[in-house]
Amino acid sequence: MDFFLPLFDLALQLFDFCLHIDQHLTTLVAQHGALIYGIIALIIFSEVGLVVAPFLPGDSMLFAIGALCATGAMDLTIVLSLFPVAAIAGDNFNRLMGVWFGHKAFSGKDGLIFNQKNLKKAHDFYEKHGPKAVTLCRFIPFFRTYIPFIAGMAEMKWRTFFPWSVLGGAGWVFSCVLAGFFFGNIPFIKNHFELVVLTIIAVSVVPVVIEFFKGRAKGPLVKADAAIE
């Protein structure tokens, strides 16, 4: 039990940081000055580039940064120049790790998960839907961490992956930051930032929920068609 207490405390601190990210960023900017740009770039790189770090803040942090840019606390030009690069670099590093892991996982004897049948399914999926997945899943927490890794495992070619990675990474950063820049300091939003953060998270996962229920709805129809045939 004692082993889990530090992890639980860390989880609570992380949740508090995400929920009050505007206040924490204001403090960090005051304490670290220009160094904060490097710290945030590292967070962005890690969230999209390391499969062990999908819990790091993403959309809400960029929204809060945009709001700080509007007040002059942070430089919008630096933000929109540096952070897309961090996002794109993390994406491509993650894919590269997926390629390396995929070669290791699928080169041996077939297992329950890592087998040639599943590899072919993943490869066929990325051949057909790869560009859309790489671009659109950038806007969904957790998915933006694992999609590039799986793309690497599925042997999605870099020349196909890279331009959509650039589009998704730049689009994600620009849209979240500019939304915060133009709307983050509206009195209601500023005074209810916790609600805004929760709303951003909820909106981010809506596409996943919709696809889940669409899949559930199609399931019985597919089974019925199979039975008729």
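Mentor: Let us begin with burial: a residue is buried under 20% relative accessible area, exposed over 50% and partly exposed in between, with a 1.4 Å probe and protein chains only. Phenylalanine 45, at a relative accessible area of 23%, is therefore partly exposed. Please note that this is a predicted model, in which local features need pLDDT of at least 70 and side-chain atom pairs count only at pLDDT 80 or more, while totals for chains, interfaces and linings use all residues. Residues are numbered from 1 along each chain as its sequence is written, and side-chain values use heavy atoms, leaving out hydrogens and water.

Trainee: How many salt bridges are there by the rule?

Mentor: A salt bridge is a side-chain nitrogen of Lys or Arg within 4 Å of a carboxyl oxygen of Asp or Glu. The count by this rule is 4 salt bridges. In one of them, arginine 144 pairs with glutamate 47, and the closest N and O atoms are 2.9 Å apart. Helices are DSSP runs of H or I with at least four residues, numbered from the N terminus. Because arginine 144 lies in helix H7 and glutamate 47 in helix H3, this pair ties together parts 97 residues apart in sequence.

Trainee: Is arginine 144 buried or exposed?

Mentor: Arginine 144 is buried, at a relative accessible area of 3%, and glutamate 47 is buried too, at 1%. Arginine 144 also forms a salt bridge with aspartate 59, with the closest N and O atoms 3.2 Å apart. Aspartate 59 lies in helix H4 (residues 59–71) and arginine 144 in helix H7, so parts 85 residues apart in sequence are tied together. Aspartate 59 counts as buried at 7% relative accessibility.

Trainee: Which residues does threonine 145 touch?

Mentor: Contact means heavy atoms within 4.5 Å. Leaving aside residues up to four places away in sequence, threonine 145 touches Glu47, Val48, Leu50, Val51, Pro54 and Asn94. Threonine 145 is in helix H7 (residues 143–153) and is buried, with a relative accessible area of 0%. A polar atom of its side chain lies 2.6 Å from the backbone oxygen of glutamate 47.

Trainee: How many aromatic pairs does the rule give?

Mentor: Rings of Phe, Tyr and Trp (its six-membered ring) pair if their centres lie within 6.5 Å; planes under 30 degrees apart count as stacked, over 60 as edge-to-face and the rest as tilted. The rule gives 5 aromatic pairs. For phenylalanine 45 and phenylalanine 93 the ring centres are 5.6 Å apart and the planes are at 45°, so the pair is tilted. Phenylalanine 45 belongs to helix H3 (residues 35–49) and phenylalanine 93 to helix H5 (residues 76–106), 48 residues apart. Phenylalanine 93 is partly exposed, at 31%. Another tilted pair joins phenylalanine 101 and phenylalanine 149, at 5.7 Å centre to centre and 40° between the planes. Phenylalanine 149 counts as buried at 15% relative accessibility, whereas phenylalanine 101 is partly exposed at 31%.

Trainee: How many disulfides does a search of the whole structure find?

Mentor: A disulfide is a pair of cysteine sulfur atoms within 2.5 Å. The search finds 0 disulfides. Cysteine 137 counts as buried at 14% relative accessibility, and cysteine 176 is buried at 13%.

Note on methods. Helix = DSSP H or I, 4+ residues; strand = E, 2+ residues; numbered from the N terminus. Polar contact = N/O pair within 3.5 Å; in protein donor to acceptor, adjacent residues only side chain to side chain.
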